[in-house]
Structure formats: structure tokens, C-alpha cells
Amino acid sequence: MKAGLPAALAAVFVFIIILRLSAGTAPSATGSTADVQFTDYTTALFRQEVSASPLTLHYTLKSPEAYGITEYSTDPGTYSENNFRISAALAENVTAALLAFDPDSLSTENRLTLDVLLDAMRETADAASFPYYEEPLRPSTGIQAELPILLAEYTFSDEQDVNDYLEILSGIPAYLDSICVYEREKQEQDLFMAGFAAEAVISQCEDFAASGEDNYLIYTFEERTDDLEGLTENEKTAYQEQNQAIVSQRILPAYQEIADTLRELNDMANASDSVDSDGTDGSDSGDSNAGLSSLPLGTEYYAYLVQRDTGSADSVRVLKKRVANQRASDLLEIAALLEEYPELESELLRIDAPCDTPEEMLELLRTQIAGDFPAADDCRYTVKYADAAMEDYLAPAFYLTSPLDDFSENSIYINRGNGYEGIRLFTTLAHEGYPGHLYQNAYFNSTDPDPIRALFGPAGYAEGWATYAELLSYRYVGLSDELAELLALEQSATLSLYATADLYIHSEGWTCADTLEFFAGYGFSDEEAIREIFELIAAEPAHYLKYYIGYIEFLDLKEYAKELYGKDYTDLAFHRAVLEMGSAPFDILTEYLADYYSPE
């Protein structure tokens, strides 16, 4: 997961988890004069960007002073429509500065960084065309869902971290209030979220607000301060009492205020939409067009979202064809496998993971991938479990990185509410751990890239890689090659259904009934489950595309590498190349592949 807008450029405190991909101290100025000037500029830009948001700064750097950052604000800032215009203006200024560099005079690494930054600035500027289309309160990946995790995981290395945290915490109610103002303005523009999305967020916020003294922002703070050396017992008690007061008296009421605001706005939206043009009640049946295509600039905004989040240069129209073609290919291969190996059908019912605990699974994956992937620096990780109060609203699992200058600790969260176990848990941990997010970050970190690369790049690279890794992981379970291939193809075909639904709900106005009919054509008849899928996709446009479009882009990039290098192609060399290039749009990865590919 990553922020949609860069922190400083957006002038917004973005609480979305940014994947931190680089390591070490600020890069030394080496190489040509042009390279020195370029890295001087990107270092200054990095300092500006990372210090604009206190949470981003904390999660990106353990020692900001080593990067020349000695002053920073702990004010979370505000979320407003005006920020999009400010961001666009700043992005244009950065673009002008970047265009002053001659690409031919830069090293390959710096040219790649230049292209990534120019692409990011273009996307930031384009966002200004859709100021009220952004939705900060999404049911699964919204600020209200991810903020508590970021606060609970905020590490305390010294007393200054505790004081910074409490100052940030004190500013969050005002930040959340600015989101309520933004939601009111969205409603005035007839751009308020769908009713079922509002109800989901309302329920989530009310549950959080009702937790009282049992809220995990209270007991996780106590655990972190109890473990912090250098504080007396009296100091720990004082800090814990201060935190409890802020959470109980300010944070929880702020969450209740979000719920109250959304309920009011949802009632207003339902009142104005209660009677459709044909006289039928269509206020929130789930059958109405809840996708972006129903909005004045909805299809244009969706096209922007798709390109921004997936990293693909293809249009929505082309992506529809690519997804359909990949699904058809997968289904044909499945049929061919089952025809040649009919015993696979019964073997599907007897699959189990080769080990029991998440820790054992991750260790097995770490060792098993060695022949297919380059070695990465060792890093510690901790498997944690999402708080029970948030299980209904969070993904099955997610990964949190360490600061780029201290990659010693990583956290993988498992949501026990999803009931994942056995082979399903194994492949999920491959997605989040090895060779997915954790491994990908560890490897890129080991290449000592320009720190600015930690802040930019499409989510489709990270999630596409992790999905690619997840499907490859079937080969590490101990299954036959044929069965592992069958399982990967089935998973790919299933994911393609979600991607197609996303594309058509938001570009062509598919209703829930349309979505039910589409899934029924592939044997899925659980209407309640499909309705839930429809509502999730409608509330979080392009979310599934980050995974699947990113995945098929990696498949296409792999085929390109095979054509380019023929007998010199190996999976190991391909994986090394895309990992060393790091997060970038896929057309840029294609352009630079030859520069990074080193046959064995």
C-alpha cells in the first residue's frame, strides 16, 4: 500500500502505508558532475518530501539527522480540496527542475530515477482535475482503517519518539475533522460515497469509538513505554496517563464524529435519491450504479486511477481485453492439464501446507526460493495479529516495513478473522513475506538506491510483484509440478474475474445484478458473496487492479525478457533485474530491462 499523493507535494498528512525501499545514509555525491548535481537535487527533494508528514518521516527514517533533517513538524495538517491545487503547482515546479537535467549525461540509475520522478509529478498534477473524487474514507483501505495500525506500530527508540507521538496524536482529531469537512463538500458536489460504503465506515468508526479504555491505542502504548529504557516508572505512568486521556477524550470522539457526519450525509443522499427516474426506490439496494461511471467525470477519473495505481500505460479498453485474454488462456491451460492428468482433480481435495505455524511457513519459503531468486540481506520479522476490533475491516494480511536506515525489524500482520490456514495461509505469507513484499523490500534495500525512490512508484509494482510471488509459491509447497501449475492457474483465473468486475463496474456502470450474472457464468452462485464483492469493488475503485494488472504486467515483462535473451534467459536473472530496478511504471521497467539484466 502506498500514498496516492506525495506528502510534501500534497500538503496533506497521508496516513497510507508507504513501502520504504531504500537503505543507508544519504548518498554521497560521486560520479559525473551531472550525476552529483542530480543526486544533490533528489536528496533535497527527499528531505522536503519525507519531513512534510510526521508519520511518513517516522516510518521512513529512524535517524532523520543522518539525512540532514534536524527540524520537522509534528502537526498532522489538514485534508482539503485546495491541497490538490497546491500539489499540482508544486509538482509543476519539480517537473521544471527535473527537465533541466540532461538524461544523456546521467548514469543509468539516475536516468531511471529521473523518469520515475517525472511520471510521479505528472500524476500529481493530473490529480488536480479531480479534487472531490478522491475518497479518504474507504471501507478497507481508508484512513480510518489504517491510521490505528500505524499508530499502534509507531516505534519508541527514545523519549523524543514518545513526545513526538503524543503531539501527533493530539493533532489527529483536527485532521479527522478536516476530512469530515471534505466529505460535506463532496456531498454538496453530489460526489458522496455509495450508501453501503458509508454504512460500512460508520459501523467501523462506531465500533472503534465504543472501545473505550479497551482500545488498543491505549494498551499498545503502555506496552511500548513499559519496554522503553531510560524512563523512570513515574515518567512511564505520566506518559501513559497522557496517552489514555488523548485517546479517550479526543481520538474516540473524533471517530464518533466521523460516524455521525457520514450518517447525516448518507441520510441526505438517500433522501435526494430515494426515488429513481422510473419511480422505483433505488436508494441503497446495491443494484443501482454505484461505480464511478455514473459521475460527471467518473470515467476520466477512473482512467487516471487505473494508470496511477497499476503502473500500466494501457487504456481501460485495452486492459479489459488483456484481462479477458489472460483468463481465456488460463482456463484453456487448466482444461489441458486436467485432460492429461485427470488425477489432479482428486488431488486438489487433499492439499495441505507442509508446516503449521506462520513462522515455519516463512522460514520454509525463505530457504526454498534461493534457487529462483537472488540472495537478499537477512532481516528480522515478527508475525502479529490484527486486533479483533478491526478484523472485519482489514485485509487478510499485510506487511509493514522498517525505516530505510534501520531494516532490522519488519512486521507481518495476519487477520485471524478471515480464517486463513493451511495452503491458503502459506501462499498469503508468500505474498507478504518471501518472495513477496518483505523479500522485495529487503533486496532493493541491499542495492543502496537513491532514498527518493522510497517515496515514489506505482502500487501496481509492489502488489503485482507480491501476486506474482504468491502464485509462484505453489511450487514451494512440495506438490507435483502439474498440481502447482494448476493451482496457480486457478488462482489467476479467479483474480481475473475481480479485475474484470472492477473495470466494468467503474467504466461501464455494471450494477450488482450485472456482476452477479457475470460471476454466475463462471460457476459462482453465492449471491451474498458476490454482492459483497460488488460493494467492495464499487467502494474502492482500481483496488483489485493493483494486484492483477500488476501481475499480468510482470508476466508480459517476463515474456519480453525471454524473447530478448533467448537461451541466456533465466528466472533468476529476470528476478534480479526487476528487483534492482525497483518500483516504476511498467513501460519504464521495459525500457530499462536490458540495462539491468545480467545473464548468468
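This is a predicted model: local features need pLDDT of at least 70, side-chain atom pairs count only at pLDDT 80 or more; totals for chains, interfaces and linings use all residues.
At what angle do the axes of helix α6 and helix α7 cross, and within what distance do they come?

**Figure 1. Packing of helix α6 against helix α7.** Helix α6 spans residues 143–152 and helix α7 spans residues 159–188; their axes cross at roughly 180° and come within 13 Å. This crossing makes α6 roughly antiparallel to α7. On the α6 side, the contact is formed by I143, L147 and L151, which meet Y165, L169, I172, Y175, L176 and I179 of α7. Sorted by class, the residues of the contact of α6 with α7 are nine nonpolar, no polar and no charged. An α-helix has 3.6 residues a turn, so residues three or four places apart point the same way.

**Figure 2. Burial of helix α6.** Helix α6 is largely enclosed by the rest of the structure, because 10 of its 10 residues are buried. The buried residues are I143, Q144, A145, E146, L147, P148, I149, L150, L151 and A152. Of these, I143, L147 and L151 are the residues that meet α7.

**Figure 3. Packing of helix α5 against helix α23.** Two packed helices are described by the angle between their axes and the distance between the axes. For α5 and α23, the axes cross at roughly 175° and come within 11 Å. The two helices are therefore roughly antiparallel to each other. From α5, the residues T108, E109, R111, L112, D115, V116 and D119 take part, and they meet I588, E591, Y592, D595 and Y596 of α23. By class, this contact of α5 with α23 comprises five nonpolar, one polar and six charged residues.

Figure 4. Y592 belongs to helix α23 and is buried, its relative accessible area being 3%. When neighbours within four places in sequence are left aside, Y592 is in contact with T108, R111, L112, D115 and M581. Among these, T108, R111, L112 and D115 are residues of α5 that take part in the contact of that helix with α23. W510 is 82 residues from Y592 along the chain, and the C-alpha atoms of Y592 and W510 are separated by 38 Å.

**Figure 5. Helix α11 and the elements that cover it.** Helix α11, residues 298–310, contains 13 residues. From its first C-alpha to its last it reaches 18 Å, close to the 18 Å expected at 1.5 Å a residue. Its buried residues are G298, Y301, Y302, Y304, L305, V306, R308, D309 and T310. The elements covering these buried residues include α5 (108–127), α12 (316–340), α17 (459–472), α18 (481–507), α21 (543–565) and α23 (586–596). Just after α11, G311 adopts a positive phi of about 80°.

**Figure 6. The cysteines C180 and C205.** A disulfide is a covalent bond between the sulfur atoms of two cysteines. Zero disulfides are found in a search of the whole structure. For C180, the closest cysteine sulfur is in C205, at 8.5 Å, which is too far for a bond. C205 is likewise in no disulfide, and its nearest cysteine sulfur is that of C180. C180 counts as buried at 5% relative accessibility, and C205 counts as buried at 0%.

**Figure 7. The cis peptide bond between Y434 and P435.** Y434 and P435 are joined by a cis peptide bond, with omega of about 0°. P435 is located in the loop between α15 (422–432) and α16 (437–446).

Figure 8. In D448, a residue other than glycine, phi is positive, near 55°. D448 occupies the loop between α16 and α17 and is partly exposed, with a relative accessible area of 47%. A542 is also a residue other than glycine with a positive phi, near 70°. This residue, A542, is placed in the loop between α20 (527–539) and α21; at 0% relative accessibility, A542 counts as buried.

**Figure 9. Q368 in helix α14.** Q368 is found in helix α14, which covers residues 358–368. With a relative accessible area of 38%, Q368 is partly exposed. Between Q368 and D556 there are 188 residues of separation in sequence and 25 Å in space, C-alpha to C-alpha.

Notes
Residues are numbered from 1 along each chain as its sequence is written. Side-chain values use heavy atoms; hydrogens and water are left out. Axes are lines fitted to C-alpha atoms, for helices over the stretch in contact, and angles run from 0 to 180 degrees between N-to-C directions. Helices (H or I, at least four residues) and strands (E, at least two) are DSSP runs, numbered from the N terminus. Angles under 35 degrees count as roughly parallel, over 145 as roughly antiparallel, 65 to 115 as roughly perpendicular and the rest as oblique. Contact means heavy atoms within 4.5 Å. Ala, Val, Leu, Ile, Met, Phe, Trp, Tyr, Cys and Pro count as nonpolar, Asp, Glu, Lys and Arg as charged, and the others, Gly among them, as polar. A disulfide is a pair of cysteine sulfur atoms within 2.5 Å. Buried means under 20% relative accessible area, exposed over 50%, partly exposed in between (1.4 Å probe, protein chains only). The expected span of a helix is 1.5 Å times one less than its number of residues.
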